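Look at the structure first, then read the points below.

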Amino acid sequence: MDQTKFIELLNEDLEMEYRSIVQYIQHLAVATGAEFQAVTEAVRPHLNQELEHATTLAEQIDFLGGVPTTAVPDVPSETDTRRAFELDLELEHQQLERYRERFEQASEAGLPDVAEALRPLLEQTQDHVRDLQSALGK
Ligand SMILES: [Fe+2]
Ligand SMILES: [Fe+2]
């Protein structure tokens, strides 16, 4: 894979992190109901980690000679608590898939420093999927 394509994919990952941040801010603010207290507590630390993920991606894009995007994708508004967290789970699943690919691509492209930088994103996204799954009883 050429570097331009790889940067393009990282910028798509970055847009998804922006989406993640926007979603979590809305969903945590509107979450109601005692039955969702556990999931709200589990999810709250995700928000700061998404900010770190976005920052890491932007730094790696710059390191590779690209320009980190400022484009925030359209984010669906969801105020029903269960559906909101299900939407978050869906997004985390997509991101996990993408980070698995990205980690492999970075390793294959002979970019071990980039792969190392992406490792926490992969691991924490795995945790986010697990947190949401167990909190939603899935
Ligand atoms: Fe993230
Ligand atoms: Fe996440």
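Predicted model: local features only at pLDDT ≥ 70, side-chain atom pairs only at ≥ 80, totals over all residues.

Residues are numbered from 1 along each chain as its sequence is written, and chains are lettered from A and ligands numbered from 1 in the order in which they are written.

Helix α3
- α3 has 28 residues and spans 41 Å from first to last C-alpha, close to the 40 Å expected (1.5 Å times one less than the number of residues).
- Helices are DSSP runs of H or I, at least four residues, numbered from the N terminus.
- Among its buried residues are F85, L89 and Y99 (buried: 20 or more other C-beta atoms within 10 Å of the residue's own, with C-beta atoms placed from the backbone).
- Just after α3, G110 has a positive phi of about 70 degrees.

Helix α1
- α1 covers residues 3-30.
- Its buried residues include F6, L10 and Y24.
- Cover for them includes α2 (37-63) and α3 (81-108).

How α1 meets α3
- The two pack at about 155 degrees, with axes 10 Å apart (axes are lines fitted to C-alpha atoms over the stretch in contact, and angles run from 0 to 180 degrees between N-to-C directions).
- That makes α1 roughly antiparallel to α3 (over 145 degrees).
- Residues in the contact include F6 and L10 in α1, and F85 and L91 in α3 (contact: C-beta atoms, placed from the backbone, within 7 Å).

Methods:
Buried ≥ 20, exposed ≤ 12 C-beta atoms within 10 Å, placed from the backbone. Contact = placed C-beta atoms within 7 Å. Parallel < 35°, antiparallel > 145°, perpendicular 65-115°, else oblique.
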